Amino acid sequence: MRIATYNVNGIAARLPRLLEWLGETKPDIVCLQEIKCVDGAFPRDMVEAAGYHVLVRGQKGFHGVAILSRAPATEVRRTLPGDDVDEQARYLEADVEGVRVASIYLPNGNPQPGPKFEYKLAWFARLRAHALTLLERDRLTVLAGDYNVCPTDEDAFSMREMVDNALVQPQSRREYRQLLMQGWTDALRARQPTGHIYTFWDYQAGAWDRDHGLSIDRLLLDPLAADRLRAAGVDKAYRGRERASDHAPTGIDLG
DNA sequence: ATGCCTATGCGACATAGA
């Protein structure tokens, strides 16, 4: 079973790329982030015609997540517990063929310090609390998405350029490390312990051509899923295509 | 030190992204 995560940076602008990628790589489950549209504006018909069921948690203009699946999906929750007034569409959780999967769009947190950074850390803490309850279920679980954190210096092209960025701050890294320590396995790091595994290249300053990337999109596996991990990788070529997202699709193969 | 680039919204620039 192939499970992938893809921050599309606007589903309207990215639909040709998405359909192309679905047709060429045929993932079973896809977690999308930054669809940037309300539920009703998601191009459901086109995606269904490509052979996928669609769950959407949208928002006007910003953020927004979705889960696509070849098999029917049952929505489990569309908000992260712990804040009744949080309006931002950053979380969607579903069951697909016995796999619990979450599409996660963690807040960016820039500029830091400031309220956006505080929101990021608070959101991270809420995710940790909920992730613990998912682990306790002891079922096949995959938390896939844009975590907006570079856990180590190796996950950023330049620490000098990133030093003030929310993605590399000790507080952000601590939150991510605490999440992992619950018992999750970072699929890409499990398959490639050292070196760059970039998933994002900024549109600006020729970042793609210079390979100035960040490793921020990832799939976290519970112990049952980790036991079945066969492969993990970044579909890097899609970042270089016409009108690409600034993120590349990233995925795993579970045996 | 700053902007670089891209997408969206009721738009003719501002905001957000990372």
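Buried residues make up 45% of the 255 residues in chain A, where buried means 20 or more other C-beta atoms within 10 Å of the residue's own, exposed means 12 or fewer, partly exposed lies in between, and C-beta atoms are placed from the backbone. Keep in mind, everyone, that this is a predicted model, in which local features need pLDDT of at least 70, side-chain atom pairs count only at pLDDT 80 or more, and totals for chains, interfaces and linings use all residues. Residues are numbered from 1 along each chain as its sequence is written, while chains are lettered from A and ligands numbered from 1 in the order in which they are written.

Now the fold. Chain A has 7 helices and 14 strands, taken as DSSP runs numbered from the N terminus (helices: H or I, at least four residues; strands: E, at least two). Its radius of gyration is 17 Å, close to the 18 Å of the globule rule for 255 residues, so chain A is as compact as a globular protein of that length. That radius is taken over C-alpha atoms, and the rule is 2.2 Å times the number of residues to the power 0.38. The C-alpha trace spans about 45 × 45 × 40 Å along its principal axes.

Let's pick one residue. Where does Arg-139 sit? Its place is in the loop between helix 3 (115-137) and strand 8 (141-146). Arg-139 is partly exposed, with 14 other C-beta atoms within 10 Å. Beyond its neighbours within four places in sequence, Arg-139 is in contact with Arg-100 and Leu-224 (contact: C-beta atoms, placed from the backbone, within 7 Å).

Notes. Contact = placed C-beta atoms within 7 Å.
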